[in-house]
Amino acid sequence: MERKSEDQSTTFEDIDWSRVEPTPKRLTPERLVTGIGLVLLGALFIYDRAGNGVGVVEAWDMAPIEWVILIGSVCILGYVIVPLCIAHEQTRTALAGVLRQPAALAAAVYLGIFVSVAVFGPLVTGYQELRFEHAFHPPLGATISGEPKPIDCLGRETALDFGTACHGSWEYPLGTNERGHPMGYLLVEGARVVLYVMIFTLAFVVPLATVVGVVAGLRGGLVDSVLMSYVDMQLSLPAIIVYIVGYMYWNPSLLLLLVTFGLLSWGGIARLVRSEVLQRREDGYVLVARSLGCSRRYLAKRHIVPNITNTLLPAVFQLFALLIVVEAGVAFLGYHQVELYSWGSTISESINAAVPATMQGRTTHPAYQIWWVSTLPAIALTCTVLSLKILGDRLRDALDPRGGW
Amino acid sequence: MTGEQSRESGIGAEDKEDVLLSVRNLQTHFPVTEGILRREVGRVRAVDGVSFALQRGEILGIVGESGSGKTTVAHSILQLQEPTAGEIWFDGNNITALSERELRSFRRRAQLIVQDPNDAFNPRMKVRDAIAEPLLLHGIRDASKRRAIVEDIVERVGLSADDGDRYPHEFSGGEKQRLAIARSLVVNPDLIIADEPTSALDDRVQSDILALLDRIRREHDIAVVFISHNIELVRRFCDRVAVMYLGEIVEKGRTKQVIEDPAHPYTQALVGSVPTLEPGVQSFPSLLTDTVPDPSDPPSGCRFHTRCPSVIAPPELSIEAETWTALAGYRFTLEARELPPEVEEAIEAERTEAIAAIREAFDIPKTTGDDSIDAAMARSMEALASGDTEAAASIASDALPTICETTVPDERQVGARSVRCHLYDDSDGAE
């Protein structure tokens, strides 16, 4: 076959291999971004500890959970966002593939709004005082009559046969709960909690599950036995018990909840990943890459993990959904950090359920009369979980070049 | 023919310049472990003492049934599987003794083509990136250079340069195998190990791929280890051939000689299994049994003796060769628990009828010419007819001993080839 006539064209015979040096370990953009981010966070932490508040909102103390979430965010930025930007071509193709389906588009739009609300919402709503005089305000378009009734009705009041009905007002467009907190504020606070759960899961739980599964599958032998025995052991440990025991020592907190439930829930994914890796390990392209002398790390990153996304992605999105629901459930039962207005606790506080919770001031009125307090967070919770699951399945299909669409 | 022989064994000092790859007594065993402490309860001797040498630019065929350890040889050479024992010399370096870092140059100079083109490429990677991967891994950092090399090579294997932008599933099996050849070629190797590169392709595509591989080999003086179960392909394509059976090389030599005039009974059986249209071509007796023995528990002595149509009779025995083969066939069929259906049926029937059916099925005469064997056979068939296959087999094996099961054959030079078979115990290569 004839050689190309262009001057710049190189053929494989042109390389003088005695002069090619091995690629040195470089500072990858991923490492650079993560490194800088962590250094900045460290500086911020020292500054904060020196007595200068760094809370975004004035009275917002930086609790340990906030630092953990910030570290997680930096890791996600470095190892998820940066690679997505570097491979922007593939990202765009995959994204276009995902958004082609109306349900997935809706889910993506919802999650986009959800994330922006969770991130920027607190800046808008700020810190809300307790206003018992404004408790039980109905949302716009709804009325409340009889008990309970707002002490100061800000909206229009209409006369009924007995007493008056209070209409919703623009002051509290989504109504208020029994402490006079606007529902909008509670929804934003709840969204923040859910976002924390997602960031924690994505930054710490998912990598842990994937790394353990890949290492067990690729290494095999004793390493595999030890890791999988540990996973078996962990799977037999109920997270709720560990949480309650921890609760007795350190008081309930979101961090404790995330650590116990998050770090005890990845065993299933690790096993799933391992069994997938075992199948991929003997594939031809893996053998060829190994015969070329690539490192295990390279093999895992380029060949193994991209080919197990069919299994991994739905499992990860399922884990998101699971941990979000677990958090809401624990908050619903009242074993949560009271200062955090989780969607679960907001629902719980309104429905007057006979759950033991001495720490909560419960309304003594039937839930249907103040339906908005439970319905709005319930809708938000359902939409979030549903969107995650739709998007997870869709993303799996879109990432497969053989095309499930 | 002394030069030939020293090349064969791969240790001839005067030929050292020419030898690219020399495998000496390679053994690769897979331990079978049990329990959490991973106690070794046995081992599969996938490769058990294989030696051969390969010159620059030469094609060596390794042929054998599936399970004979061909692929394990390939993986051991490429250090994908750590050999249990033995040495692998590549261009003057013992690569079994090198660290992964020192293996760098070898990892570039020896390339692998895998069997199934459908999993030869990462389905999530564009073909362009897959073919550029060897360059990237070996330190070509300039992306435009990589791109130019890949485009050039994709054209040279007969596809168009912009095919690189497609994903593997968009190509046919033959095209994928062309791309696999391109990928193996891109780092300018000296050795390509092709593990059944055409077994998944149909005949016409198979010929195209072999022609391409042959052309590339000639153009760039690349040595090829061609692994195949198809002796016909090996005959057409290879300079020399090594025949493997259960982890051992039973015969090796020039392809022309080995395949046109096979010396080892196993090679004869392999050659005989190729259908031919030519009349008058030498035909060989078929195998005694079809069952390939379990490599974790290989037969004693010569590993092929349980299936060998030429299994050797004890010297003191004076019965006809044909009769002996029938008796041996009876014995090893029983030992393999591979009874023909008519015998299975006969066992259900009445005793004398059953014995007659068994005699007929195995072609065993009433009198063999040796009274003690006649008596033993009668007892054995009696046991078989009553359904006790195990007893029947043990009586038969006691009555019909053979040197093949007791003594491991040494490697013998027969003409310019080497054979491991007791049939050639007298010859010492002086031919």
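First, the ground rules. Residues are numbered from 1 along each chain as its sequence is written, and chains are lettered from A in the order in which they are written. Because the model is predicted, local features need pLDDT of at least 70 and side-chain atom pairs count only at pLDDT 80 or more, while totals for chains, interfaces and linings use all residues; side-chain values use heavy atoms, with hydrogens and water left out.

Let's start with the interface. How many residues does the contact take from chain B and from chain A? Chain B gives 46 and chain A gives 42. Contact here means heavy atoms within 4.5 Å. The two chains bury about 4,100 Å² between them. Of that, 60% is on carbon and sulfur atoms. Buried area is the accessible area (1.4 Å probe) that two parts lose on being put together, summed over both.

Now the polar side. Between chain B and chain A, 12 residue pairs are in polar contact, both at pLDDT 80 or more. A polar contact is a pair of N or O atoms within 3.5 Å; within protein, one must be able to donate a hydrogen and the other to accept it, and residues adjacent in sequence count only if both atoms are side-chain atoms.

Which parts of chain B touch chain A? Helices α3, α4, α5 and α6 and strand β6 of chain B each supply at least two residues. Helices (H or I, at least four residues) and strands (E, at least two) are DSSP runs, numbered from the N terminus. The largest share, eight residues, comes from α5(B). By class, this side of chain B has 21 nonpolar, eight polar and 17 charged residues. Ala, Val, Leu, Ile, Met, Phe, Trp, Tyr, Cys and Pro count as nonpolar, Asp, Glu, Lys and Arg as charged, and the others, Gly among them, as polar.

Next, salt bridges. A salt bridge is a side-chain nitrogen of Lys or Arg within 4 Å of a carboxyl oxygen of Asp or Glu. Two cross the interface of chain B and chain A. One joins A:Glu89 and B:Lys126, at 4.0 Å, N to O. Inside chain A, look at A:Arg271 and A:Asp232, whose closest N and O atoms are 2.6 Å apart. A:Arg271 lies in helix α9 of chain A and A:Asp232 in helix α6 of chain A, so this pair ties together parts 39 residues apart in sequence.

A cavity is a set of points, on a 1 Å grid over the protein atoms alone, where a 1.4 Å probe fits but cannot get out; lining residues have an atom within 4 Å of a point. Among the residues lining the largest cavity are A:Tyr243, A:Glu327 and A:His336. That lining divides into five nonpolar, four polar and one charged.

Notes:
1 Å grid on protein atoms, 1.4 Å probe; cavity = no way out; pocket = protein on both sides within 12 Å on 5 of 7 lines; lining within 4 Å.
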